[in-house]
Amino acid sequence: MTALAQGHPGLIASVRAPFVSARARLERFPLSILQLGMRVGIGGVFFKSGLLKINSWEFAVKLFQDEYKVPLLDPVLAAQVTAFVELTVPVFLFLGLATR
């Protein structure tokens with residue numbers, strides 16, 4: 001314990017209390033719904049990124065040519081593979097496939 005906490009034992013309890021009560025409330029909530037929300041949130045980011053690549057295709061290819069500089073793949077092929085993955089894998093995440 002720090003010197004401040006030793007001098008004020010109620011300080012730790014008052015700081016810890018909101019976290020303990022929040023944890024107790026979250027334990028009553030179904031874990032599967034929390035996991036679904038997290039999967040949708042993360043999958044949505046990748047899906048939007050894939051849509052952005054499709055909507056501005058020339059810019060996406062230019063990024064792979066100039067910025068990313070993928071060594072073994074043609075920039076157009078790299079952009080196609082990336083767009084495909086970013087549009088299909090989130091669907092698996094939404095459904096919960098291959099998440100374990």
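Author: Let us begin with the aromatic pairs. This is a predicted model, and a search of the whole structure finds 1 aromatic pair.

Reader: How is a pair of aromatic rings described?

Author: Two quantities describe such a pair: the distance of the centres and the angle of the planes. Here the ring centres of Phe64 and Tyr68 lie 4.8 Å apart, with the planes at 80°. Planes over 60 degrees apart count as edge-to-face, so the pair of Phe64 and Tyr68 is edge-to-face.

Reader: Where do Phe64 and Tyr68 sit in the chain, and how many residues apart are they?

Author: Both belong to helix 4, which spans residues 57–68. Because they are 4 residues apart in that helix, about one helical turn separates Phe64 from Tyr68.

Reader: Is Phe64 buried or exposed? And how does Tyr68 count?

Author: The cut-off for buried is under 20% relative accessible area. Phe64 has 8%, so Phe64 is buried. Tyr68 has a relative accessibility of 45% and therefore counts as partly exposed.

Reader: What is the setting of this helix in the protein as a whole?

Author: The protein has 5 helices and 0 strands, in the order α-α-α-α-α from the N terminus. Of its 100 residues, 15% are buried. The accessible surface is about 7900 Å², and carbon and sulfur atoms hold 70% of that area.

Reader: Which share of the contacts with a separation of 6 or more joins residues 24 or more positions apart?

Author: That share is 60% in this protein.

Technical notes. Residues numbered from 1 in each chain as written. Predicted model: local features only at pLDDT ≥ 70, side-chain atom pairs only at ≥ 80, totals over all residues. Heavy atoms only, no water. Helix = DSSP H or I, 4+ residues; strand = E, 2+ residues; numbered from the N terminus. Buried < 20%, exposed > 50% of the residue type's maximum accessible area, 1.4 Å probe, protein only. Contact = heavy atoms within 4.5 Å. Areas by Shrake-Rupley, 256 points an atom, 1.4 Å probe, with all protein chains shown as cover. Phe/Tyr/Trp six-rings, centres within 6.5 Å; stacked < 30°, edge-to-face > 60°.
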